[in-house]
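Okay, everyone, let me put this one up on the screen. I'll talk through the inside first, then the sheets, then the charges and the surface.

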Amino acid sequence: MITVQEYLGEKGCEADLAELICLIAEQAGPIRSAFISHQRYATSLNTSGEVQAEMDTWSDTHITTVLAHSGLVSLIASEEQEKVYECRNSTGRYSVVMDPLDGSSLIAVNLAVGTIVGIYEGRSVLRKGNEMKAALYLLYGPMTTLTLSVGSGVALFSQADDGRYLLMEDSITLPEGTIYGSGGERPKWTKKHTSFITALEAEGAKSRYSGSFVADFHQILRYGGLYAYPAAHGKPEGKLRLVFEAQPIGFLAEQAGGRISNGSSDLLDILPEEVHQKTPIYVGSRGIIERLEALPE
Ligand code: AFP
């Protein structure tokens, strides 16, 4: 079977980028091991005002420390850190954006959570998503999987007992499909969002939503459909973050032939103004997103 290292070699990925991707993927082992001993929910809040789980801060510190010592990275922007972390003395030519542990409120109920990462070349993290060099997520479910794109399609790997990532499927295509999941409280949804979801339901769409973006997106990637976290009354920017969540997941979705949108335009074309910026998100099957974008506000 093909390992992730062999896959990256076949794709002609630059050696330092391949090294960085593999280094990040290796952290799934320590992160999985930490789940049992770091189950508490802290009293601290992140920059978005959300309660941090112990695993949020643990994963953040762990990955940041590993990357800071790697010599491959110059900047790290994390959902769990207010400021962008500068790797002093590093000549690394990549900047990393990450949600170290997405879906952390689900650790207590043992549902799938993950690590989301985007990699840019150069010393800057406020970039359009379509400038990304690579994006990946690690999903901690019954298997540990790595979903990866270096800009030439999407590949899915699973981690074997010996720690190696083995290719399960290359050139993944995000199909048209009928699963949908939407965050937010229905009474607070906008009129456009409510009528779109109601129309999908009338056509037989089936609701599946866990509350872990990375896990909910993964089933959309495989089965097709729509993941949405919309604008809402009182929350016009929704809940999810453009830089740490939308851009890496959107890069993977579009590399698989799907789309990501804020409801009216492609999120990968938007230049973030600040790292913790939020955005409404619609990601999934191309046809569904195009239908939504064509609707009047
Ligand atoms: P946590 O990491 O705090 O659990 O937040 C997860 C998340 O950012 C994203 O992964 C989910 O899709 C979304 O929030 C869930 O939000 P709701 O609890 O409002 O459905």
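So, the largest nonpolar core: there are 43 residues in it, and Leu8, Ile119 and Leu148 have the most contacts inside it. Which helix gives the most to this core? That's helix H2, residues 15–26, with 8 residues. Keep in mind that this is a predicted model.

Let's stay with Ile119 for a moment. Leaving out residues up to four places away in sequence, Ile119 touches Leu17, Leu20, Ile21 and Ile24, then Tyr94, Ser95 and Val96, and also Met132, Lys133 and Ala134.

Now to the strands. We have an open sheet of 8 strands with mixed pairing, and if you read across it the order is E4-E3-E5-E6-E7-E8-E9-E10. The edge strands are E4, at 85–86, and E10, at 165–169, each pairing on one side only.

What does E7 pair with? Take E6 to begin with, residues 113–121: E6 and E7 pair in the antiparallel sense, over 7 bridges. Gly118 stands opposite Ala135.

Then there's E8, residues 144–149, which also pairs with E7 in the antiparallel sense, over 6 bridges. A hairpin of 3 residues joins E7 to E8. Here the bridge partner of Leu136 is Leu148, and you'll remember Leu148 from the list of residues with the most contacts inside the largest core.

There's another open sheet to point out, this one of 5 strands, in the order E12-E11-E13-E15-E14, again with mixed pairing. E12, at 206–207, and E14 are at the edges with a single partner strand each, so one side of each has no neighbour in the sheet. Inside this sheet, E11, residues 179–182, and E13, residues 225–229, run parallel and are joined by 4 bridges. If you want a pair to click on, the bridge partner of Tyr180 in E13 is Leu226.

The structure holds 19 salt bridges, and I'll show you a few of them.

Here's Arg93 with Asp16, where the closest N and O atoms are 2.7 Å apart. Why does this pair tie together parts that are 77 residues apart in sequence? Because Arg93 lies in the loop between E4 and E5, while Asp16 is in helix H2. Arg93 itself is partly exposed, with a relative accessible area of 31%.

Next one: Glu293 and Arg259, also with their closest N and O atoms 2.7 Å apart. This pair links distant parts of the chain too, with Glu293 in helix H8, residues 286–294, and Arg259 in strand E14, residues 259–261, 34 residues apart. Buried or exposed, this Arg259? Buried: its relative accessible area is 8%, and the cut-off for buried is under 20%. Some of the salt bridges share partners, and in that way Glu14, Asp16, Arg93, Glu121 and Lys133 are joined into one network.

One more salt bridge, Asp162 with Arg164, and there the closest N and O atoms are 2.9 Å apart. Asp162 is exposed, at a relative accessible area of 52%, and Arg164 is partly exposed, at 42%.

Which residues make the nonpolar surface patch of about 290 Å²? Those are Tyr41, Leu45 and Val51. Leu45 sits in strand E1, residues 41–45, and Leu45 is exposed, with a relative accessible area of 53%.

Notes:
Residues numbered from 1 in each chain as written. Predicted model: local features only at pLDDT ≥ 70, side-chain atom pairs only at ≥ 80, totals over all residues. Heavy atoms only, no water. Patch = residues over 30% accessible without salt bridge, like charges linked within 9 Å, V, L, I, M, F, W, Y side chains within 5 Å. Areas by Shrake-Rupley, 256 points an atom, 1.4 Å probe, with all protein chains shown as cover. Salt bridge = Lys/Arg side-chain N within 4 Å of Asp/Glu carboxyl O. Helix = DSSP H or I, 4+ residues; strand = E, 2+ residues; numbered from the N terminus. Buried < 20%, exposed > 50% of the residue type's maximum accessible area, 1.4 Å probe, protein only. Core = buried A, V, L, I, M, F, W, Y, C linked by side-chain atoms within 4.5 Å. Contact = heavy atoms within 4.5 Å. Pairing = 2+ DSSP bridges.
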